[in-house]
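Hi,

Here is the structure I promised to pass on. Please have a look at it first, and then read my notes below.

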Amino acid sequence: MRCILLFCLLMLIFAGSVQAAVEIAREGENPVILEEVYVAEGDFFLSIDDVLNILGRSGSWDSVGHLYRFKTPAGTAIISPGSHFVRLGERFIPLSQRPRFIDNRLRVSEDFITGILPELLGIRLYYRNLTPRSQVAGEEEGSSIDRLFAFLLQRKKPEDAKTLRAVALDPGHGGLDTGTIGLDGIKEKDVNLQVTERLEKILKMRLGIPVYLSRDGDYALAPQQRLEPATRADVDALILLHAQGSLRAAPQGIALVVRPVEEYTGEALSASEGNSMRLARSLEEALRQEGLKVDGIYQAPLPALGRGNLPTVLVEMGYLTNPDDKELLGSVAGREKLAHAMFLGLQGFAEKMKEKENK
Ligand SMILES: [Zn+2]
């Protein structure tokens, strides 16, 4: 019985419940209806070729490199199935959903089309999904996690609080999920945990506040378990720790990722959206002051960042495939430096919040 159910579900996910349709156009032009819409894991996927065609652009699939290239005003953008990033020259822009092959065509998620593509192409996009949300297979799980995030990840700080009351840390990956594997076989899951434990210790030592970890060992977590520490009533900030990898050795540096403004459903640029950005800027400043190379702050609608208004930043601490970054992340002294800088960033953020509240 379970097998049959699972099979049906897989059929729905992979064959796609193709009753979906979307309208796309460059702003000001007549929308074109695309019916070749696939649903996977509660998200809509469209062929990148179809979308670019409608926008008067084109791209090409490189079957040798297993990459898809398309031109943008800033150079050639590269996406590849299964990769969490769009590459644009030296820039790596994080994606919430990896592009994937479905039915022999490379397809990208709705988030990519509405959130990242217009910016890459330098155009304004009209996009409307004509599918009732209730028809989407697999929507249940994804959206219930979103709701959980929205419901639980709320900043609960009382008006008179003077500093951070508690911090939640989520070391990415764990168990069979190693994350990126870098030079000399260094594993992201280990680095994430090691820096997390260092940062935990510094926060406890210097501020004497509780620090809640999503995991304190090498094991896998369900999405709900990842957010559990951040749902504690006294948590004022959530940091997700990751490291990345590249096919080449050159990409280097720390990237900070926050929710995009348009993802937020409150007022245009609400105080809370601002708070994740403020935390990111404070971390960036502290990391730079410690002499660490920061690539920048990115906005990405990653599910892991949730939908609540708790100040939340995902820190990509460097490239395990770059010799300098690997040396930093692979050494006790390097991790100490990184953890200390993040502590200063958190502290700086708390001070700025205090000033703001006293005004
Ligand atoms: Zn990671």
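The notes below cover the metal site, one proline and the aromatic pairs.

This is a predicted model, in which local features need pLDDT of at least 70, side-chain atom pairs count only at pLDDT 80 or more, and totals for chains, interfaces and linings use all residues. Residues are numbered from 1 along each chain as its sequence is written, and side-chain values use heavy atoms, with hydrogens and water left out.

The zinc ion is coordinated at 2.1 Å by His-173 (NE2), Glu-188 (OE) and His-242 (ND1). Donors here are N, O and S atoms within 2.8 Å of the metal (3.2 Å for Na, K and Ca); water is not among the atoms, so sites may look incomplete. Both His-173 and Glu-188 are buried (under 20% relative accessible area; exposed is over 50%, partly exposed in between, with a 1.4 Å probe and protein chains only).

Pro-94 is buried too, with a relative accessible area of 6%. Leaving aside neighbours within four places in sequence, Pro-94 is in contact with His-84, Phe-85, Ile-116, Val-257, Tyr-298 and Ala-300, where contact means heavy atoms within 4.5 Å.

The whole structure holds four aromatic pairs (ring centres of Phe, Tyr and Trp, for Trp the six-membered ring, within 6.5 Å; planes under 30 degrees apart are stacked, over 60 edge-to-face, the rest tilted). One of them is Trp-61 with Phe-101, edge-to-face at 5.0 Å centre to centre and 85° between the planes. Trp-61 is partly exposed at 31% relative accessible area, and Phe-101 is partly exposed at 39%.

Best wishes
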